[in-house]
Structures are given as structure tokens and as C-alpha cells.
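Reader: I would like a close look at one part of this model, beginning with a charge and a ring. Please go on from there to whatever is connected with the topic.

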Amino acid sequence: MAGPAFETGKHPKYAGKGSNPARLLIGGHAPPNSPFRYMPWDPFQAMLLDPAWFYDDWRSGYNANKFTVTEVDGGGDNAGAITQTANLATLFTIDDADNDLQQFQHLYSWTPAATGFCAAYWRMQAAEATNSDYYGGWSSADTSIVASAPANYAMFKKDDDDTIVNGASNDAGGSPSETASLITDFTADTDYDFGIVLVPSSTTVGTMYFCYKLASVAAWTQVVKTTDFPDAAVRFTQLIQRGTTGASTMTLKRWAICGYQG
């Protein structure tokens, strides 16, 4: 890992001051190939002791004031919405016209630097598998990431009219590129776990880790991508767009993001 010398946190059997909690990661104690390897061991203490850390997750509840929300409602009746469910999940309700959508971007912005990194994890399911566009991960500020590729991003991407999920990225507003198919049978009403970690070696070059699995299994799959590494500020982003008529939903059951801005 680039940047400061981070360590893996654990509860020792002996007394003493020990390592600086702000430098502890879940690291080797996390599931292999998962985004949790880059999460702080004690996120709130890490932020308190070292302002380079940022962490947030779904347990704080959905608050529209910490997101930039974009809605497209072709019918104009504002029937779509992003709301919080009783168990703190985030429900994206899309109205019933083709290309209606819901998108949010977290206000926290992480900028690539050689001594930093960021990681995002989320669990989601969509009510419609084939006739929808889905994007999730890190993107530059953009109120319509589905209309055209954002200038900088690293996201899982599924296009309308298929069930294939790829890892896609772009840098400096150039031509984006995608991995080979990561998931080929994306299924409705099924929980998926996703994660994306960005580890820069400079402000313009770095490594992207695309992590994914069915929520019902333990083992993560990880694919590494280095081409088109985003080279400007990015924010945690989620979008679901309707690919045909008829209202639909997406549920973001849990999520967590962290950034180390070294």
C-alpha cells in the first residue's frame, strides 16, 4: 500500500500503549479480496486522531442533506423518491416512464494523491434486472452520470437490455474503458455485495480493485484495473435508471465509505 505505514488492528493480550489507533486498518483480518481490507479498524477514533481519515456508513440513516440527489421523472408527477426504510436501508423508487431515474452522490469528495486511498462497500438489490441501467462506485460530481460518461470515475456498470455487470473507469474526461464481464447473470430481487478501492501511486496513476460477490456467499472475487484511473476528485455514487415503462425500485441495504487523504 502506498503512503503511511498502516498496521492491522487486533486486541492484544498485554497492557501498554500499543500502536496509534489512527494508523490501524482491518487489513489481514478482513475477508480476502474484500474492500474491508482498507477500512479503518476503529473509524471514529481514526477520524478523531487523524483528520486525513473520513468514514461514513448507512447506520447514520439516509439524510438528503449529505447527498446531491438527481431525479428524472418523465411524467412530472414526482412519484419517484429516495427514502429510508425501517431497517435503515435506502430505497430508490423510480417513476414509471422509460429513462426515469434516481441518483445520489455523497458530499464527501476524495482526491487522488500518492499517500492516500479510498474504499467503498455496498449491498444492493434491484427489482428489475434486464430493463435497467445501474451504476455504483466512485464518480466525479455529475448530475447525470448515465447520459454521458463522467470525467472521472470507477464504477460497476450495468446497461439496459442485458444482465452483465462490468468494472468501468475514466480519467480526465477521456474515453472510458471497461473490464471483461464480471457478472453475467445479474438477477432481480437478489442481494449483491460490491466494493471498489482506489489506491493511487500519483495524482494521475493508480490501481482500482473491483470486489464483488453474491451476498449469500462468503468468498469475494476481486478484479484489478489500472487503465483510466480517475485523476480528480470523486464521490460515492449510486444510480438506477428505468429501461422501460413501469415503476421500479432499488434497495441499498447497507453501505460504507472511507477515504484517507494523505
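Over the ring of which residue does the charged end of Arg59 sit, and how far from the centre of that ring?

Author: The charged end of Arg59 sits over the ring of Trp58, at 5.5 Å from the ring centre. A charge sits over a ring if NZ of Lys or CZ of Arg is within 6 Å of the ring centre and within 35 degrees of the ring normal. The model is predicted, so local features need pLDDT of at least 70 and side-chain atom pairs count only at pLDDT 80 or more, whereas totals for chains, interfaces and linings use all residues. Residues are numbered from 1 along each chain as its sequence is written, and side-chain values use heavy atoms, with hydrogens and water left out.

Another such contact involves Lys213, whose charged end sits over the ring of Trp220, 5.3 Å from its centre.

Next come the strands. Helices (H or I, at least four residues) and strands (E, at least two) are DSSP runs, numbered from the N terminus. Strand β14 covers residues 206–214, and eight of its nine residues are buried, so the strand is largely enclosed by the rest of the structure. Buried means under 20% relative accessible area, exposed over 50%, and partly exposed in between (1.4 Å probe, protein chains only). Two strands pair if DSSP finds at least two bridges between them. Strand β13 (residues 192–200) pairs with β14 in the antiparallel sense over nine bridges, and Val199 has Thr207 in β14 as its bridge partner. A hairpin through five residues joins β13 to β14.

Rings of Phe, Tyr and Trp (its six-membered ring) pair if their centres lie within 6.5 Å; planes under 30 degrees apart count as stacked, over 60 as edge-to-face and the rest as tilted. The structure holds 29 aromatic pairs. Among them is the stacked pair of Tyr62 and Phe67, with 5.5 Å centre to centre and 25° between the planes. Tyr62 is buried at a relative accessible area of 16%, and Phe67 is buried at 6%. Phe67 also forms an edge-to-face pair with Trp255, 6.0 Å centre to centre and with 80° between the planes. That pair links distant parts of the chain, since Phe67 lies in strand β4 (residues 67–72) and Trp255 in strand β17 (residues 248–260), 188 residues apart. Trp255 is buried too, with a relative accessible area of 2%.
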